[in-house]
Amino acid sequence: MAHTFELDSTEAATLGRFAEFGSVPSFAIEPERSTDAVDCSDVDAMPFALDAAHEFAGVAASVDAFAELCSALDEAEQAQFAANRAMAAQLAATRRALELAARNPAVYLRAAQLASSDAAELAVRAAATELSMRLKVSVGTIRNRAHEAAVLQARLPEVWARFAAGAASYLDARVAVDAAAGFAPGDARLSELDQSLAAVIGTVTTTRFRQRARAALAQIERDHLEARHAAAYATRRVVVEHLDDGMAWVGVYTSQLEAAKISARLDATARRDSGAPDETRTLDQLRADTAARWLSGHGTPTAARTEVVVTVPVLALTRAAGPQTGKTTATGSCGSSGAGTGTGTGSSIAGTDRAASTALAVLDGVGPIDDATARQLFADAPSFLRLAVDPITSAPLVLDRTRYRPTKEQRLWLSLVHGRCTRPGCDRLAISADVDHLTEWQHDGRSNPDNLCPLCRGDHRLKHATRFTPTKNTDDTVTWRSPTGRSYTDPPPF
Ligand SMILES: [Zn+2]
């Protein structure tokens, strides 16, 4: 089997001449360990490597340049070791913080919550949320890091020692954590796995280490491969990731068998369609278009029916909505019943509002979209909602104490103002979030926008259970003050 390597361009250029031999020696050897774990069976390649070294020495410009270059290389390598050690230290500290919170829930929780059965879990969530606001990474990432530290320290002590000493990278350590995932703590096979991983980690590239880990696992788990697949298959899912330039990835995590079937059907369909007389799309484009069509159900009775929320910046609306005093929102259907509203070729996404039409449309939860995409949305979506609220004259948004539940207009308004859950650092969409009363209803809090904040279900629960205190600022940002004394505020949305 051919080995694959991760090489940078210089290495690749140097080694390119050996590629025809199908095997090259590994250069990823660190100072204190000279054990090259790579099976280098093709000794024919070695004389070429030596020739190359002589050639390089012969053209060295000067002794000074040589020394300077070596020192830069050393510095890069030492910095890598230091970064590895720092990451291990961060993982360990993260685990410690969460465990301390679990043992001392009173730091975060309100007194009434301390007796609840999930007090420790809530306290861990609170500590993870606080650390997420400090480090600007998601709560999930923080909890993952604590989990990784726990797995490495408790189940893979030799691998952890290599990582903590700087000899292995965080990426490598995560590969090891994944490999240990199927074993319960205390499983005797863990020490076998630990030893075989520790012998290789840091001596090869991460790609190569992943292959070695897989091989070690298959060896240890030869009687359990089926059960492992079943466990992995239980976590199958679809992931959508929004990217730049109006693009996104849709990923299906499924079995290799299903993936092969999907791929074969897409290939066959794309090849058939590419034969059409006027077809100019590449096979890649055809495969992507076909997959998107199948998944969205385009042209079938079960086609996706989406409610699309498109907004334009509030200032533009303020200018545009002047004559429409008293009208809070414009909602309507598009498609079969409302085709006239948005599908006309000349109509902009903002209809006849000239001021608004110069602003970019924003697709809720995704970001600014170009006009052609916006027009397409209006043409395709069975219904759309468009905010047309004047923030100064929108009296209907403010309600008296007779009403607890925010109106649909208020929810829309809040989701458009905030975009996301208002816990600093949270990325969940406001449109699907709970609406929280900052000052609670029973404490005379009103259902007015200045007292309402979208909070995702998890953060809503956290706010009520803990002693985090949110306040709304005049620019509509929200500050969360932690019981540990720190305050966190996200910048205003775009
Ligand atoms: Zn949230």
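The model is predicted, so local features need pLDDT of at least 70 and side-chain atom pairs count only at pLDDT 80 or more, whereas totals for chains, interfaces and linings use all residues. Residues are numbered from 1 along each chain as its sequence is written.

**Figure 1. The packing of helix 3 and helix 4.** Helix 3 (residues 63-103) packs against helix 4 (residues 119-135) at an angle of about 140°, and their axes are 7 Å apart. Helices (H or I, at least four residues) and strands (E, at least two) are DSSP runs, numbered from the N terminus. Axes are lines fitted to C-alpha atoms, for helices over the stretch in contact, and angles run from 0 to 180 degrees between N-to-C directions. Helix 3 is therefore oblique to helix 4; angles under 35 degrees count as roughly parallel, over 145 as roughly antiparallel, 65 to 115 as roughly perpendicular and the rest as oblique. On the side of helix 3, the contact is made by Thr94, Ala97, Leu98, Ala101 and Ala102. Helix 4 contributes residues including Ala120, Val124 and Leu131. Two residues are in contact if their C-beta atoms, placed from the backbone, lie within 7 Å.

**Figure 2. The packing of helix 4 and helix 5.** Helix 4 and helix 5 (residues 139-155) pack at an angle of about 110°, with 8 Å between their axes. The two helices, helix 4 and helix 5, are therefore roughly perpendicular to each other. Ala128, Thr129, Leu131 and Ser132 of helix 4 meet Val139, Ile142 and Arg143 of helix 5 in this contact.

**Figure 3. Two residues with positive phi.** Lysine 136 is found in the loop between helix 4 and helix 5. Its phi is near 60°, a positive value in a residue other than glycine. Lysine 136 counts as exposed because it has 10 C-beta neighbours inside 10 Å. With 16 C-beta neighbours inside 10 Å, aspartate 476 counts as partly exposed. A residue is buried if 20 or more other C-beta atoms lie within 10 Å of its own, exposed if 12 or fewer, and partly exposed in between.
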